[in-house]
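Dear colleague,

Please find the structure below, handed over for your use.

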Amino acid sequence: GGDIGEHERAGHGGVAVVTLDRPERRNAVDHPTLLGLLDALEEVADARAVVLTGAPPAFCAGADLAGVREDVFSADLRRVLTGFTALPAPVVAAVDGPAFGAGAQLVAVADLRVATPRSTVAVPAAKLGLVIDQWTVERFAHEFGRSITRDLLMAASTYSAERLHAAGVVHRLGDLGDAIAWAHELARLAPLSIAGHKLALERLGAPSAVDDDVAAAQRRAWASDDAAEGRQAFLDKRPPAFRGR
């Protein structure tokens, strides 16, 4: 889609940047944007780290349902959100400006969050007469904590990035450059370790039967060339060179 900008594709350094690019609508997510994000998810599948951001002046001002049925929009939004959680690489949200509604949902599915102090997060459903879906409520509760989620949903409160940083929801205060620099640091870590930890974190609270997948990821990492490289690099007192196998 023409409203998804991608720079610095997952090649050198293994970092991909996906940019919501509808600045005239403060990057509100319409259906073509969702389809563009689904394409972007396929294109960044092999990245070592992914940065998700919005073109100035916003991260994402919410959903724009113009010209599409709500059920179709909701289904494709869910595909996008779960797509980011299913990527094996860490996803870093780089937030500058408002992240409202669907924007807050995109922030919630990122693994790590960097935001400028002026950024704000809100879920204005109660000001619009809407109820958000159970999956999103659970995601907010897991990632933002139950107390903040209650305030976001029950009081339609707006949270500053500084307040979210103090609460541990935003991991670092900084701009897009800071987020990309962090992503390059993440790209040098062991990909199988990150993928296994991400899978385990995503399965928190799920039935224990699915832990077989996490155990398999653990065995794969322990038996990998990267694990041997990590041990040897430690003994050699040099930075490890991980290859994801």
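**Findings**

A187 lies in helix 8, which covers residues 176-187; helices (H or I, at least four residues) and strands (E, at least two) are DSSP runs, numbered from the N terminus. This is a predicted model, in which local features need pLDDT of at least 70 and side-chain atom pairs count only at pLDDT 80 or more, while totals for chains, interfaces and linings use all residues. Residues are numbered from 1 along each chain as its sequence is written, and side-chain values use heavy atoms, with hydrogens and water left out.

A66, found in the loop between strand 3 (49-54) and helix 2, counts as exposed because its relative accessibility is 57%.

**Pockets**

The search ran on a 1 Å grid over the protein atoms alone: a cavity is a set of points where a 1.4 Å probe fits but cannot get out, a pocket is an open set with protein on both sides within 12 Å along at least five of seven lines, and lining residues have an atom within 4 Å of a point. Grid points are joined across faces, edges and corners, and a volume is the space filled by probe spheres set on the points.

The largest pocket has a volume of about 740 Å³. Its lining comprises 28 residues, of which D111, K198, L201, E202 and R203 lie nearest the centre. Two or more lining residues come from each of helix 2 (70-86), helix 5 (134-144), helix 9 (191-202) and helix 10 (211-222). Helix 9 gives the most, with nine residues. By class, this lining has 15 nonpolar, five polar and eight charged residues; Ala, Val, Leu, Ile, Met, Phe, Trp, Tyr, Cys and Pro count as nonpolar, Asp, Glu, Lys and Arg as charged, and the others, Gly among them, as polar.

The second largest pocket holds about 630 Å³ of space. It is lined by 25 residues, and A63, L77, Q105, L130 and I132 lie nearest its centre. The elements that give two or more residues to this lining are helix 2, helix 3 (102-109), helix 4 (125-128) and helix 5. The largest share, six residues, comes from helix 2. The lining divides into 17 nonpolar, five polar and three charged residues.

Within helix 9, P191, L192, I194, G196 and K198 are buried. Helix 3 is mostly covered, since eight of its eight residues are buried.

**Cavities**

The structure holds two cavities of 30 Å³ or more. The largest has a volume of about 50 Å³, and the residues lining it include V95, V107, R113 and V170. Strand 6 (112-115), strand 7 (120-122) and helix 7 (161-166) each give two or more residues to that lining. The second largest cavity, of about 30 Å³, is lined by L81, Q105, A108, V109, W135, T136, R139 and F140. Helix 5 gives the most to this second lining, with four residues.

**Cores and the aromatic pair**

A nonpolar core is a set of buried Ala, Val, Leu, Ile, Met, Phe, Trp, Tyr and Cys residues joined through side-chain atoms within 4.5 Å. The largest has 45 residues, and F59, F84, L106 and F144 have the most contacts inside it. A second, separate core of 14 residues includes V15, A179, I180 and W182.

Rings of Phe, Tyr and Trp (its six-membered ring) pair if their centres lie within 6.5 Å; planes under 30 degrees apart count as stacked, over 60 as edge-to-face and the rest as tilted. The count by this rule is one aromatic pair. F140 and F144 form this stacked pair, 5.3 Å centre to centre and with 25 degrees between the planes. Because they are four residues apart in helix 5, F140 and F144 are separated by about one helical turn. Both F140 and F144 are buried.

Yours sincerely

Methods
Buried means under 20% relative accessible area, exposed over 50%, partly exposed in between (1.4 Å probe, protein chains only).
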